[in-house]
Amino acid sequence: MHILLRGRDIDNIKQLAVYEKHDGFAGMKKALAMTPAEVIDVVKASGLRGRGGAGFPTGVKWSFIPQHEPVKFVTINADESETGTFKDREIMEENPYQLIEGSLICAYAIQAKAVYIYLRGEFWDIGDQLDECIEALREKGFVGKNIMGSGYDCEVYTHLGAGAYICGEESALLNSLEGYLGQPRVRPPFPAQKGGGLYKEATVVNNVETLANVPYIMSEGADAFKAIGTEQSAGNKIYCVSGHVKRSGNYELPMGTTFRELLYDHAGGPLYEDRPFKAMLPSGGSGPIVPLTDEVLDTPMSYEDCANIGTIIGSASIIVMDETVDMTWVASKVTKFFKHESCGKCTPCREGTYWLDKVIDRILDGRGSPDDVKRIADVAENMAGTTLCALGDFAANPIIHTIRHFPDDFAQHVQS
Amino acid sequence: MAIIGNSKYEERINHHIAKYETKRSAVMPLLYIAQEEYGWVNQDGINEVAQLLNLDPTQVKSIAGFYTMYSEKPKGVYWLQVCTDLPCALQGADDFHAWLKEELGVEEGGTSADGMFTVEHVMCLAACDKAPMLQCNFRYVEDLDQNKMRELLAKWRAEAAASMNGRSAE
Ligand SMILES: Cc1cc2nc3c(=O)[nH]c(=O)nc-3n(C[C@H](O)[C@H](O)[C@H](O)COP(=O)(O)O)c2cc1C
Ligand code: SF4
Ligand code: FES
């Protein structure tokens, strides 16, 4: 059953009347009948965790917002720029009202003045569609002053980025939205604190998929949501499958489904029958790569089980590679991404990605030495944990883990 | 023309300035408007955005330079950005990108001799299940192959020629 990708089950759910007919805004109505603190308690009890990558408990994040502050904001992370991620796009294209309803529930729970939806610039047509949805809701009295007669006021706006992966990092996103360079901020103060959020006001930043879960949680109850998935990973998750599978695409399945079920039953198994799977990046370019062994295939896709196999489920952008793929080339591709996307603020990230890219190119060209392989591993180890934002760690991951799991793929280029 | 005092943009400019807590926040949407008017973000556009938001032109220029979707030099009539990031590359995007450059006789980032096509490669565009893909003037074109691409190039050439003729007939 789809909770998020309902556009696949219900024709025209992107029209307000159809959305309403299928329980649309039932969650919002329930929320408005509760106190904000009660709404936060329901979301806490549901076990919902952030779908943007870090998996932070959503209700707990909302509870960090100081209630007494007069001005607060909600910012929706619709930057969707992690390599291999294309889930928020489908939610917003096919089921936009559910995102807006979830955002309004969040806004009510923290008593926000306004919601800003930060979309990657390429999603301008999605932005236009969301603007139309917001206007339709305003006409019905669901956005703006005195929402649904509750006395609560809230505006919803869209904002377009302009092609910078780093603006998906929440503090860079806030800078970008304020019209400054999209570079991360020094924390503390965190976005949820006065001084750290949008326009220095306390702010919740949540991913699109995270918030699209909230209407269901409110209308069906925390227990219904918690009943899906595993103990520590509640609910459904959208898995974006790409690479060497027969049927790439988005699959919404309960958390805790095994990689095997996803990759074989749903995605159809290896793209070419005679080329078995070799490796997988389960969280786009930024999470650790793992070999696709039987042990990995039988691992449930949950936060806790993925940690046991040395990786993360993160944004669940699952990039699958078959036995023909050279992991040195993969390390190079991913490194070029991070070199291009480093915002340049910290030296280890800026210089490190530049240098790693140069040396990997040399290795791929057959001009490298075994020492070069050792050196890039050392540089990557030293980069991790020394930077202002997590991009520095993300950039170290592909090097460290490809070399760890696939040393022969590197050795073949340097033994001449 | 200009964007200030241009009735085509007035409503949009006012909407963007009104929707944020500070004027400065409107710099990104206004840069898109400048790019729409001039075809790229030129100095005139930067000066006008700065004037509208009470910013220094050098601040506006540094914002424009930070993001890849603001073009700091003129592009061909069709700006083709091919995704060659990992998932697309696993489905043949590198070869497709190389073929396209050869077909049009351009280097990476270059524009074809007739001024029609600029080709460059970009990072993931959130369309990885529809590779190879590109965006043409910020519109996604997905599930491509060489045949489809040849047809599209011919179609775009014809459309550009038709709009040129239309303009000279005016
Ligand atoms: C370099 C970098 C890029 C990120 N990109 C995104 C992104 O595109 N979309 C997203 O939702 N979160 C992204 N994040 C995570 C956000 O910083 C933040 O954790 C998230 O938006 C919080 O929402 P959630 O709790 O609902 O997941 C990124 C983080 C980093 C460090
Ligand atoms: S780690 Fe990289 S991307 Fe993050 S702030 Fe530093 S330089 Fe910028
Ligand atoms: S890798 Fe090309 S769209 Fe994602």
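Reader: Where does ligand 2 sit?

Author: Happy to start there, with a predicted model in which local features need pLDDT of at least 70, side-chain atom pairs count only at pLDDT 80 or more, and totals for chains, interfaces and linings use all residues. Residues are numbered from 1 along each chain as its sequence is written, chains are lettered from A and ligands numbered from 1 in the order written, and side-chain values use heavy atoms, without hydrogens and water. A cavity is a set of points on a 1 Å grid over the protein atoms alone where a 1.4 Å probe fits but cannot get out. With more than half of its atoms within 2 Å of the grid points, ligand 2 sits in the largest cavity.

Reader: Which residues come nearest to ligand 2?

Author: A residue is near when one of its heavy atoms lies within 4 Å. There are 13 residues around ligand 2, and those that come nearest are Cys343(A), Lys345(A), Cys346(A), Cys349(A) and Cys389(A).

Reader: What area is buried between domain 1 of chain A and domain 2 of chain A?

Author: By an automatic or database assignment, these domains span 6-226 and 236-322. Buried area is the accessible area (1.4 Å probe) that two parts lose on being put together, summed over both. Carbon and sulfur atoms give 52% of the area between these two domains, which is about 1400 Å².

Definitions and conventions:
On a 1 Å grid over the protein atoms alone, a cavity is a set of points where a 1.4 Å probe fits but cannot get out, and a pocket is an open set with protein on both sides within 12 Å along at least five of seven lines; lining residues have an atom within 4 Å of a point.
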